[in-house]
Amino acid sequence: MLSGNLRLKHTAITLLSLVLLLGIWQLAASLAHSPSLPPPLRVAAVFWQAIQSGELPYHLGVTLLRLVVSFSISMLLGCAIGVLLGKNKTLDAFFDNWLVIFLNIPALVTIILCYVWFGLLESAAILAVVVNKLPNVIVTIREGTRALDKDLLEMAQSYGFSRKKTLVHVIWPQLHPFVMAATRSGLALIWKIILVVELLGRSNGMGYQLHLFFQLFDVASLLAYTFAFVAVIQLIEWLLLRPLDRKALRWRR
Amino acid sequence: MNDINISILDKTYRAGHVDDRQHQAIADLELSVGRNEFVCLLGPSGCGKTTLLNMIAGLDSHYQGQIKIGSQAAAAKIGYVLQNPRLLPWRTVRQNIELVFQQAPPAELIDSLLTAMQLDDVQQVYPERLSVGMQRRVAIIRAFAINPDILLMDEPFVSLDAPSARQIRNLLYCLWQQRPHTVLFVSHDLREAIALADRLIFLSPPPMRIISDIPVTIDRGLRNDSSQIEAFRETLLNQHPAINGLL
């Protein structure tokens, strides 16, 4: 039961490091003794209050919904365009310049432009996030498509694999690590952009709330909301991404 | 009756050279292979044998000339054992074999082939955990299992130890006798080629053309006798001294 022991050890290390982090925070808060650095317990109390009042779940839900919508759009579009550019050299040569330009436009600029051009609308907010994320997905998936194993594709061709069979059994398993990389970096990037989008032009969501707390100098609420968000992202990683990875990468030595 | 008619005027490709030079692999090659004939292609390495097999398998269509396969309208089933095993690392041995079937895979045939190749125990194993020799055997099963009309084999026994190579050679031979089909077999080993083939085709260094086309006249019943093979080889090399330089 070596693996069981290892897991136990791993859990112990995780717990220990988290407890240590809390300890440092508590110590710093006691030393500072200022409302701008509340101790962990105070933040926990605020957190609990915000959940009971329903305020935190509402704003968190709104932001998560925006995250799911803009993430899905950019992943689907990005994978399709990425595969296309990875396969077709002419298209790639043509659109490569566009990609570089879009990759380098600051997120803030896209957000402002979207609001200026389309108004302070939900669709403008989503569009701004998608435009920010899309080039990253395209570039990652394009690399994956370029790296596809030609030998295996030839094998599939010589045995007359159908398009669907080739996609499911030959291409998808090779793209999987790239899609996962795009997913992880995408989640991290998108939720940060969404907060800015909400801060600038929406009247709900985490970004809006954080802006409010900033104006009120309510650091405890600010931290409580932040932890709620970090926890949700961790849950997505543990409950969704890790199991997906484990299932897809069983064959690795 | 011919099964494969090959008439290639010119096959040139970019050789992957730093200065982008062109490489003429094949020039004026005419070859016909009869139905159910077992033909061995022999030639120095790099002479274009693999290129030729890829063209026959339909993987490479950038050439001048034509390759006609099968006399009927129905497309011939081609089994191709490539030089490297090319198994899907994310599918088990069994899945790798089953995937090449358009319809339901014939479980009994696959079972018997796995047993014959001594791969029973590793059916549910992912290929990267196997030795190259074992992977190669899986690739051979994959080609045998579809009961191909035409079997293309590109040095299939390289990197197998001598006993397994002999065993698989015998299996190939048995299968071919049970269910005759056309075989094009690339080899470096003249004794192996004499033991298996109806015809030996000797090929030149690039641009590849046929140097000699020699029928193997030993009776099929006597091919287990190594002295017969040896004698045929001696005569062959004496009569065609040019061959010696090729192998």
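How far apart do the C-alpha centres of domain 1 of chain A and domain 2 of chain A lie? They lie 29 Å apart. The assignment places domain 1 at residues 1-33 and domain 2 at residues 39-248 of chain A; such bounds come from an automatic or database domain assignment.

Before we go on, this is a predicted model, in which local features need pLDDT of at least 70 and side-chain atom pairs count only at pLDDT 80 or more, while totals for chains, interfaces and linings use all residues. Residues are numbered from 1 along each chain as its sequence is written, and chains are lettered from A and ligands numbered from 1 in the order in which they are written.

Let us start with a residue in chain A. Leu20(A) sits in helix α1, residues 2-32; helices (H or I, at least four residues) and strands (E, at least two) are DSSP runs, numbered from the N terminus. Leu20(A) counts as exposed because 10 other C-beta atoms lie within 10 Å. The cut-offs are 20 or more such atoms for buried, 12 or fewer for exposed, and partly exposed in between, with C-beta atoms placed from the backbone. From Leu20(A) to Leu64(A) is 44 residues in sequence and 30 Å in space, C-alpha to C-alpha.

Now for the place where the chains meet. Twelve residues of chain A are in contact with 16 residues of chain B, contact being C-beta atoms, placed from the backbone, within 7 Å. On the chain A side, α7 and α8 each supply at least two residues, and α7(A) gives the largest share, six residues.

Chain B holds an open sheet of six strands with mixed pairing, in the order β5-β6-β7-β3-β8-β9; two strands pair if DSSP finds at least two bridges between them. At the edges, β5 and β9 of chain B each pair on one side only. Strand β8(B) runs antiparallel to β9(B) over five bridges, with Phe202(B) opposite Ser212(B) in β9(B).

Here are the residue ranges of some elements mentioned above.

| Element | Residues |
|---|---|
| α7 of chain A | 150-158 |
| α8 of chain A | 163-201 |
| β5 of chain B | 78-81 |
| β8 of chain B | 199-203 |
| β9 of chain B | 210-215 |

Finally, the largest nonpolar core has 72 residues. A nonpolar core is a set of buried Ala, Val, Leu, Ile, Met, Phe, Trp, Tyr and Cys residues joined through C-beta atoms within 7 Å. Leu152(B) is among the members that touch the most others, and helix α4 of chain B (residues 132-145) provides the largest share, eight residues.

Conventions. Contact = placed C-beta atoms within 7 Å.
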